[in-house]
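I opened this one to see how the chains meet and what sits inside. My notes follow in the order I looked things up.

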Amino acid sequence: MVRNIIKVRNLKVSYGDRTVLDSVNISVKDGEIYTILGKSGSGKTTLMRSILMLEKSTGIIEVMGVDLNKANNDDKDLIKKSYGVMFQAASLFTSLTVGENVAVPLKEGANIDNNIIFDIVRFKLSLVGLDENVFNLYPYELSGGMRKKAALARALVLDPKIIFLDEPTSGLDPVSADDFDKTISELNKLLGITVVMITHDLDSFFGISNRACVIRDKKVLAEGTPYDIMHQDDKWLKNLFFGNRGRKFTQWNQR
Amino acid sequence: MRLESKGKKVRLFGNLTYKVIKEFDRYAKKETFNEIDLSGAELLDTSFIIYLLKTNKKLAVSEKQKQLIDIVKKNLKDRPIKIKKTGFFYDIGFLTISKLKHLYHFLVFLGEVFIKGLDLILKPKRLRFKMIAKDIELMGFNAIPILATISFLIGAVIAYHGAIRLKQFGANIFVVDLVSVSVLRELGPLIVAILLAGRSSSSYTTQIGIMKITEEIDVIKTMGIEPFDVLVFPKIVSMLISVPLLIILADISGVLGGIIVAKLSLGVTLRDFILRLHHAIDIKTFLAGILKAPAFAFLIATIGSFEGFMTQKNVESIGESVTDSVVNSIFAVIIADAIFSILFRWLGI
């Protein structure tokens, strides 16, 4: 049996009086691609942010056996070092070049010679499928897809155990999105990285994710394989999968 | 990380990650060996592999590690890319040229303001009165408390310093001339200008700079609205209205400071002060101050907006623009003040 790398139990997050998430339970297994689905504003990003320790929450969030709500700062730092995060807007440091952006975690984390850092950065850029020429470019000189890839390279630079991706394919054309999915799936297979991603993109959902959960009305509506999720009896899910945009996946269902 | 050395072979154990590169590098530089055995390692990350591949040593690895190393090898390129390095003289030249370019862009901007301004005068309906009113409130009205305080204190301080000397000659009453002439002609307008150069031009620059980064200015353009109509002219008009009014306030408040100090430390009564004031100043003194207002207002508003438009699409650039905006507008205001002084002397005002 594969162990749970992330285990969330009875998670509750509220902003003042407003509860955003209530008694959420999810389990992410080691080495899988796990998708968080849900309507806009359903609390998907909040769930991810709680696991990333950016949000105050109550309940149990266990990552690699450490309960984040009880852990001391040293343990939390260790967990943070094993995370790689890519936010929705890519959020590259605009005043640094792409190369410098990717090198930031390395320079912060350890005392390494510049030419080795240089090689590591170039390797990561190549790994996510970026051309070397972007090394000296600034983020605003890149297209949206390249910016996302650069952010992915930055998330990968310390060889994280888990990478979190917030809508990795949003704003990309279908070809780039496919390309991006392929990259994620390859990294998952090659390096054994666990991937947790938020997406609305049904191609990513059916194409690469192993398991998923659906957040609905502050709670987890369902958790399981894409096939399980698809056959849930829920109006929003039905609209998602069998509405205009989802139609083509009914074929997938029949396969 | 643990090390075991056997002749020309080194065995590594434990976590081999980016954290121990330096440690191992130190060892590698000291000792001679030609084979590294990684099969005992618990953890091996790509950063460490890259380092090992660069050392050109023979590697003994497990099957799983070999897969990872193959991935790294596949993506690792030998051809180095060049990083631009510049020399001292290049930097000086570059800086000079960029400053000159900056000035050139400012002149272009002034030209644009002039031409679009003429256009606006022909169609005054395009002027956004609501925006002007809002800006006057933010930049003029809200500056009243701080401005009144500063000019009051300046007036008081001048009177106080003058008082010590004037007492020695028994010329107590001339404190009126001292305070009123210096505040009305010079200090009042200058305090207003410097305060607004810090307060308003920085705010204008930030507003326009961030709008440029978030592409809001492009949105305005695509809507068929002239960006200058919304972003520049309301600011210029608002400053043209606020600055003279604030100068009057600074004048009054500065003289008030003088009145109080004159009473307290020189015994000049309010009645004497006012009577003397009629002899000390006339309308020319007041005009010499207030005539500078339009120039100051124009400089503050245009430099503030201009630096905003010069902002590049990165966060650091905002900081640079705001610094430029405040420094340049204060500099410009003081230069303008000097020119006015010479001009007024020629004209005999």
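**Interface first**

I started with the contact between the chains: 29 residues of chain B are in contact with 28 residues of chain A. This is a predicted model, so I am reading it as such. I then looked up the buried area, which comes to about 2600 Å² between chain B and chain A, with carbon and sulfur atoms giving 61% of it.

Next, the charged pairs. I get two salt bridges between chain B and chain A. I noted the one that links the side chains of Lys54(B) and Asp119(A), at 3.6 Å, N to O.

Which helix gives the largest share of the side of chain B that touches chain A? I find that α2(B) does, with five residues. By class, I have that side down as 13 nonpolar, four polar and twelve charged residues.

**Cores**

I turned to the nonpolar packing. The largest core has 66 residues, and Leu125(A), Leu152(A), Phe24(B) and Phe48(B) have the most contacts inside it. Its largest share, eight residues, is from helix α4 (residues 114–127) of chain A. A second, separate core holds 45 residues, including Phe306(B) and Ala332(B).

**Thr169(A)**

Last, a loop residue: I find Thr169(A) between β7 (162–166) and α6 (174–191) of chain A. I count Thr169(A) as buried because its relative accessible area is 6%, under the 20% cut-off. Its side chain makes a polar contact of 3.0 Å with that of Asp201(A).

Definitions and conventions:
Residues are numbered from 1 along each chain as its sequence is written. Chains are lettered from A and ligands numbered from 1 in the order in which they are written. This is a predicted model: local features need pLDDT of at least 70, side-chain atom pairs count only at pLDDT 80 or more; totals for chains, interfaces and linings use all residues. Side-chain values use heavy atoms; hydrogens and water are left out. A nonpolar core is a set of buried Ala, Val, Leu, Ile, Met, Phe, Trp, Tyr and Cys residues joined through side-chain atoms within 4.5 Å. Buried means under 20% relative accessible area, exposed over 50%, partly exposed in between (1.4 Å probe, protein chains only). Helices (H or I, at least four residues) and strands (E, at least two) are DSSP runs, numbered from the N terminus. A polar contact is a pair of N or O atoms within 3.5 Å; within protein, one must be able to donate a hydrogen and the other to accept it, and residues adjacent in sequence count only if both atoms are side-chain atoms. Contact means heavy atoms within 4.5 Å. Buried area is the accessible area (1.4 Å probe) that two parts lose on being put together, summed over both. A salt bridge is a side-chain nitrogen of Lys or Arg within 4 Å of a carboxyl oxygen of Asp or Glu. Ala, Val, Leu, Ile, Met, Phe, Trp, Tyr, Cys and Pro count as nonpolar, Asp, Glu, Lys and Arg as charged, and the others, Gly among them, as polar.
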